[in-house]
Amino acid sequence: MSIWTIDGRIKHVPFHGAPRLAEYLTDWNLSDARMFISSGEVFLSVSFSKEIEPVNKLNNAVIGVDRGINYLAVTTDGQKAQFFGGAKVTHIRNRYLKTRASIQRQKATTAAVLVRWVSTTSGSWHDPANWSTGATPGPFADVLIETGSAITVTHSQNSDSIHSLHSQAALKITGGSLIIATESEVSHNFTLSGGTLAGSGNLTVNGLLIWTGGTMSGSGHTIINCAAAISSLSAKTLSRRILDNNGTTTWSGGPINADSGGVFNNLPGASFVLQGDLAFSGSASETFNNVGTFRRVHPKFVAVSEVCFWSIPHLGYAVPEY
């Protein structure tokens, strides 16, 4: 090897390289060379070229990825190469990093996911095959049951939290807990015979609400827009939740045990019918507020009485004897 210097040309300079590089000196054409010094050592960088048979097969694959983001990827079809710069990717990545940091500072939750009931027949809430995602709804699920009044969806076990619920079909809770976070609606009948309806979300029932057992709890409201039937000898619990009657509610069986500030509101224009001597029990913080019509039907005398009152603090029976 010979090297040009400011003092002239130096010939026959020996150099050391890996044996595998020797083939480049015989089968390849010398293209360019560059010498540089790094950390006190002198290095020679040499490039070679060689004629090869043309490739006629199209290649649509990525042939290179620059991890340094100068060029994110390079594609070729054998004729023309395309270079994809990383500037746009870096810009988007940095923008979403800032957005994510802002959301995390606000302690926002993950975006809700729409989950549809896909079965055309009545079935269990807990069967993954009944849902569009292939899994039972989770905490961020906006549950949509559009099949209509011909079917009933039954929740019977486990504790399931969801974001919201909108159902055109009948819904039954016979066991477990269904916890609803935001405003929800059942357009058909809603039955609570066991287990718990809970959560901070309001549940509006536009069909018949049937309450034969179980618990209503949480900070949300259960809103009766049409009618409700409270029956059977089993005790019902109203824990912290508010039950609003906008329609006609008939209470014919079993005590209602209120605790933790549970409230029943009989709203203007609504009607509440008490059939028998039934106990709505609790402490001074649980109330039955009436601004509608209250009718008491005595089972022995079949006498109908109507009284209107604003509030009853509950110490045993819900209404005064008369």
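## A tour of strands, loops and paired side chains

Ser39 sits in the loop between strand 3 (29-38) and strand 4 (41-49). Strands here are DSSP runs of E with at least two residues, helices are runs of H or I with at least four residues, and both are numbered from the N terminus. Before we go on, please note that this is a predicted model, in which local features need pLDDT of at least 70, side-chain atom pairs count only at pLDDT 80 or more, and totals for chains, interfaces and linings use all residues. Residues are numbered from 1 along each chain as its sequence is written, and side-chain values use heavy atoms, with hydrogens and water left out.

Back to Ser39. This residue is not a glycine, yet its phi is positive, at about 55°. Is Ser39 buried or exposed? Its relative accessibility is 75%, so Ser39 counts as exposed. For these words, buried means under 20% relative accessible area, exposed means over 50%, and partly exposed lies in between, using a 1.4 Å probe and protein chains only.

Asn158 also has a positive phi, near 65°, and is likewise a residue other than glycine. You can find Asn158 in the loop between strand 11 (152-155) and strand 12 (159-162). With a relative accessible area of 48%, Asn158 is partly exposed.

Now let us step back to the whole chain. It holds two helices and 34 strands. Of its 322 residues, 33% are buried. The chain exposes about 19,000 Å², and carbon and sulfur atoms supply 55% of that area; accessible areas come from the Shrake-Rupley method with a 1.4 Å probe, and for residues only the protein chains shown count as cover.

Next comes the interior. A nonpolar core is a set of buried Ala, Val, Leu, Ile, Met, Phe, Trp, Tyr and Cys residues joined through side-chain atoms within 4.5 Å. In this model the largest nonpolar core has 40 residues, and Trp125, Leu165, Phe190 and Trp211 have the most contacts inside it. Which strand gives the most to this core? That is strand 10 (residues 141-145), with three residues.

Rings of Phe, Tyr and Trp (its six-membered ring) pair if their centres lie within 6.5 Å; planes under 30 degrees apart count as stacked, over 60 as edge-to-face and the rest as tilted. A search of the whole structure finds nine aromatic pairs. One of them joins Trp125 and Trp131: the pair is edge-to-face, with 5.1 Å centre to centre and 70° between the planes. Trp125 is buried, at a relative accessible area of 0%, and Trp131 is buried as well, at 3%.

In another pair, the ring centres of Phe272 and Phe288 are 5.0 Å apart and the planes stand at 80°, so this pair is edge-to-face. Phe272 belongs to strand 29 (residues 271-275) and Phe288 to strand 31 (residues 287-290), so the pair ties together parts that are 16 residues apart in sequence. Both of these phenylalanines are buried. They also belong to one aromatic cluster, formed by Trp251, Phe264, Phe272, Phe280, Phe288 and Phe294.

Charged side chains come next. A salt bridge is a side-chain nitrogen of Lys or Arg within 4 Å of a carboxyl oxygen of Asp or Glu, and by this rule the count is two. Here they are:

| Salt bridge | Closest N to O distance |
|---|---|
| Arg116 and Glu146 | 2.5 Å |

Arg116 lies in strand 8 (residues 113-116) and Glu146 in the loop between strand 10 and strand 11, so their pair ties together parts that are 30 residues apart in sequence. Arg116 is partly exposed, with a relative accessible area of 34%, and Glu146 counts as partly exposed at 42%.

Arg296 lies in strand 32 (residues 293-297), while Asp277 is in the loop between strand 29 and strand 30 (280-281), so this pair ties together parts that are 19 residues apart in sequence. Arg296 counts as buried, at 5% relative accessibility, whereas Asp277 counts as partly exposed, at 41%.

Our last stop is Arg95, in helix 2 (residues 87-105). Arg95 counts as partly exposed, at 43% relative accessibility. Its side chain makes a polar contact with the side chain of Tyr96, at 3.4 Å. A polar contact is a pair of N or O atoms within 3.5 Å; within protein, one must be able to donate a hydrogen and the other to accept it, and residues adjacent in sequence count only if both atoms are side-chain atoms.
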